Amino acid sequence: MTKKSKDPRIQLFHVARRDVEDILAMSDDELLKDVEEYGDMQNVGKLVDDAYLAAKLSVGKSRLAAAKDALEKRKHDTEAVKLIDVAKARTLLQAVASNDPQFQKKYTLAARGLQDLSDAEVLSIISELVSLGAFPDGWNL
Amino acid sequence: MPEPQKTTRVLAPEEMRSALEKLSKADKARLENAARRFSSGLSITPQDLLQIVFEKALSHERKCPDGVPVVVFLARAMESLLDSYLTKREHDAHEQAMLSPNAEAEAAAIESVASLDDPAEWLQAKQTLAALTEKIAENATDEMVFQGQLEGMSPQEIQDVLEITPVQYASALTSIRRKSDKFF
């Protein structure tokens, strides 16, 4: 931002930039001497510590919320799969596989044949498709 | 043949966290000073500004290249966030389209706690600037360097225009910084 501005906030920002450059280039001794002379040595670091603590709490909360959401999603997907009838799942898988050769390659159905898959494998593939959102909400599995 | 892209290693989240836990007293003083100066004239507090950059660093939203001192990385992050926020208001729609893709998100981080549309904020910044200008005008060189800073001139431009040496410029900068300490 090198454009001349009439906004006092932007003008103050330009000054702050130069001052901060200066502060970053100072040695620790010089800086602390300055604080002793012009600042408040007793409270140095308090603002940073308070801000850091608040940031840690905030980031922690966000992570917790994201983990809860992921857990909920997994639970939802697992429950959806549990409700599937295996015979119905085989029919569904056969329908999907016959319409999509890429799907057959991915799941090696061509080599083994759908009938060779165990119930667990069928449910596992369906589970993966559910978690990928392949079936719209409300799809009757 | 396209040149291979240079990849710079960045600090992993746990390395960043460890570095933040180990900030020295001098580095904390630097960060406080930077946050006070950068937030001057805006309705964001220095603590809020610091919290935003700490959050971005901890969540790895902003990554610190290996070898860059963490205090420099954090100061630059504050500067960049406010630059995006202030630039957004300065540019028209066409110019905004040419800003970095992150500019919008960066500006939003500050907009969540401050508003440039606040007339009281504008007035306060104007008063701070007037008082600061008066204090700095006690010395002619300081005043001219300060005017150059207000206009966003680079250090080299200021030295060229005023025909002063780098040493004289550095001395004026220190003098301005000390005089401005009490305003931030």
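Predicted model: local features only at pLDDT ≥ 70, side-chain atom pairs only at ≥ 80, totals over all residues.
**Entry 1: a bridge within chain B**

I started with B:Asp66 and B:Arg9, whose side chains meet in a salt bridge at 3.2 Å, N to O. I then checked where the two partners sit. B:Asp66 is in the loop between α3 (46-58) and α4 (70-90) of chain B, while B:Arg9 is in the segment before α1 (13-21). That puts the two 57 residues apart, so the pair links distant parts of the chain.

**Entry 2: a local bridge in chain B**

Next I looked up B:Glu21 and B:Arg17, which form a salt bridge at 3.9 Å, N to O. The cut-off is 4 Å, so this pair counts as a salt bridge. Both belong to helix α1 of chain B, and because they are four residues apart, about one helical turn separates them. I reminded myself of the geometry: an α-helix has 3.6 residues a turn, so residues three or four places apart point the same way. Accessibility came next: B:Glu21 is partly exposed at 44%, and B:Arg17 is partly exposed at 38%.

**Entry 3: a bridge between the chains**

Which residue does B:Arg177 pair with? Its side chain meets that of A:Asp22 in a salt bridge, 2.9 Å from N to O. B:Arg177 lies in helix α10 (residues 166-180) of chain B and A:Asp22 in helix α1 of chain A, so this pair joins two chains. I checked burial for both ends. B:Arg177 has a relative accessible area of 3% and is buried; A:Asp22 is buried as well, at 14%.

I also found A:Asp34 in a salt bridge with B:Arg178, where the closest N and O atoms are 2.9 Å apart. Then there is a network of salt bridges linking A:Arg17, A:Glu21, B:Arg76, B:Glu79 and B:Asp83.

For the tally, I searched the whole structure and got 22 salt bridges over all chains. Ten salt bridges turn up across the interface of chain A and chain B.

**Entry 4: the A-B interface**

I wanted the overall numbers for this interface. 48 residues of chain A are in contact with 64 residues of chain B. The area buried between the two chains is about 5,200 Å², and carbon and sulfur atoms give 63% of that. On the chain A side, A:Arg9, A:Leu12 and A:Arg18 lose the most area to chain B, together 15% of what that side buries.

I counted polar contacts as well: 19 residue pairs across the interface, with both residues at pLDDT 80 or more. Which helices of chain A supply the touching side? I got α1, α2 (28-38) and α3 (46-82), each with at least two residues. Helix α1 of chain A gives the most, with 17 residues.

**Entry 5: A:Gln11**

I picked one residue from that helix: A:Gln11 is in α1 (residues 8-25) of chain A. I get 14% relative accessibility for A:Gln11, and the cut-off for buried is under 20%, so A:Gln11 counts as buried. What is A:Gln11 in contact with, leaving aside its neighbours within four places in sequence? I find A:Ser5 and A:Lys6 in its own chain, plus B:Leu129 and B:Leu150 from chain B.

**Entry 6: helix α4 of chain A**

I ran a length check on α4 (residues 86-99) of chain A. At 1.5 Å a residue, its 14 residues should span 20 Å, and the end C-alpha atoms are 20 Å apart, which agrees.

Then I sorted its residues by burial. The buried ones are A:Ala89, A:Leu92, A:Leu93 and A:Ala97.

**Entry 7: chain A as a whole**

Chain A has seven helices and zero strands. Buried residues make up 35% of its 141 residues. Of the chain A contacts with a separation of 6 or more, 50% come from residues 24 or more positions apart.

Technical notes:
Residues numbered from 1 in each chain as written. Chains lettered and ligands numbered in written order. Heavy atoms only, no water. Expected span 1.5 Å × (residues − 1). Buried < 20%, exposed > 50% of the residue type's maximum accessible area, 1.4 Å probe, protein only. Contact = heavy atoms within 4.5 Å. Buried area = accessible area lost by both parts, 1.4 Å probe. Polar contact = N/O pair within 3.5 Å; in protein donor to acceptor, adjacent residues only side chain to side chain.
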